[in-house]
Amino acid sequence: MPTIGFSAYLKLISLNQRPRDTAIRGRVSPKGGGYDFHRSMKRAAQRLLSEGASLEEVLLSLADIKRSPERLSAIQALTCLAEWRAGNPGELLSYEPMTYAHGSGLFKVAFTPDFGVRLGQDRAAVHIWNTGKPALTSRTVYAALSLFPALYEDADVPDDFALLSLREPKLYRLSEAGRYAGLGESVAEKVAESFRQALDDLGGDESFNQPGSSPG
């Protein structure tokens, strides 16, 4: 059963049906792991948030990124993150990652909080998003986030779950989901349907059930 990172899953469910089916067919076909475009940015964000490094220090460290689009994206993201943090100076926290397994056994989704933060009286587990396309909608963000609160029952449970989109910038908090809060399983089922169809097209390739993961 492949494990999909949270950002990768959010990207999948933000796609229209046809490109989503195409992307999932690519996942079930045997291949090597993909390149994580945001890996250096996420590492620098950890230095900025958790290790006390200054924005200037982390921006200087990005000079080692050889690909210009990746470097520029990381610079913009970290500058935005520093501005957001200046406006939200609450205590920084840490939360364990959790993995949702769809009942079909076809896929898992790993939620890895990039940081935790106290927002007023609430403690929020936050995942960073810095992907340009597809565009996010509140519906898809909240549907993805809603898969995880119940998984923290035997752990230190955050009061809230959030996605910090550095492209807008905007903090999507699950506590503000309203009518979208109950969509998680129905959206996940649509992803499972695409996996089923992709496997049928491949003749039920047994290699699909080997361990695997994707970044995000």
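The model is a predicted one, where local features need pLDDT of at least 70, side-chain atom pairs count only at pLDDT 80 or more, and totals for chains, interfaces and linings use all residues. Residues are numbered from 1 along each chain as its sequence is written, and side-chain values use heavy atoms, with hydrogens and water left out. Helices (H or I, at least four residues) and strands (E, at least two) are DSSP runs, numbered from the N terminus.

**Nonpolar cores**

- The largest nonpolar core holds 41 residues, and Phe6, Tyr9, Leu10, Phe107 and Phe148 have the most contacts inside it. Such a core is a set of buried Ala, Val, Leu, Ile, Met, Phe, Trp, Tyr and Cys residues joined through side-chain atoms within 4.5 Å; buried means under 20% relative accessible area, exposed over 50%, and partly exposed in between (1.4 Å probe, protein chains only).
- Elements that each supply at least two residues of this core include helix 1 (6-14), helix 2 (17-28), strand 3 (98-101), strand 4 (108-111) and helix 7 (184-201).
- Helix 7 gives the largest share of this core, seven residues.
- Phe148 is in contact (heavy atoms within 4.5 Å) with Phe6, Met98, Tyr100, Val109, Phe111 and Phe161, leaving aside neighbours within four places in sequence.
- There's also a second, separate core of 26 residues, with Leu78, Ala82, Ala124 and Ile128 among them.

**Helix 2**

- The 12 residues of helix 2 should span 16 Å at 1.5 Å a residue, and the end C-alpha atoms are 17 Å apart, which agrees. That expected span is 1.5 Å times one less than the number of residues.
- Arg20, Ile24 and Val28 are the buried residues of helix 2. They sit on the same side of helix 2, because they cover an arc of only 70° around the axis; the arc is that of the directions from the helix axis to the C-beta atoms.
- Helix 1 and helix 7 are among what covers those buried residues of helix 2.

- Strand 6 is mostly covered, with six of its eight residues buried.
- Strand 5 (residues 115-119) runs antiparallel to strand 6, joined by five bridges; strands count as paired if DSSP finds at least two bridges between them.
- Leu119 stands opposite Asp122 in strand 6. The hairpin of strand 5 and strand 6 has two residues between the strands, and Gly120 takes a positive phi near 65° there.
- On the parallel side of things, strand 6 pairs with strand 7 over six bridges, and Ala124 has Asp160 in strand 7 as its bridge partner.

**Ser73**

- Ser73 belongs to helix 5 (residues 68-87) and is buried at a relative accessible area of 8%.
- Beyond residues up to four places away in sequence, Ser73 touches Phe37, His38, Asn130 and Arg167. The C-alpha atoms of Ser73 and Arg167 are separated by 9.7 Å, though 94 residues apart along the chain.
- The side chains of Ser73 and Asn130 make a polar contact (3.0 Å). A polar contact is a pair of N or O atoms within 3.5 Å; within protein, one must be able to donate a hydrogen and the other to accept it, and residues adjacent in sequence count only if both atoms are side-chain atoms.

**Asn88**

- Asn88 lies in the loop between helix 5 and strand 2 (92-93) and counts as partly exposed at 24% relative accessibility.
- A polar atom of the Asn88 side chain lies 2.8 Å from the backbone oxygen of Trp84.
- Asn88 also touches Val117 and Leu119, not counting residues up to four places away in sequence.
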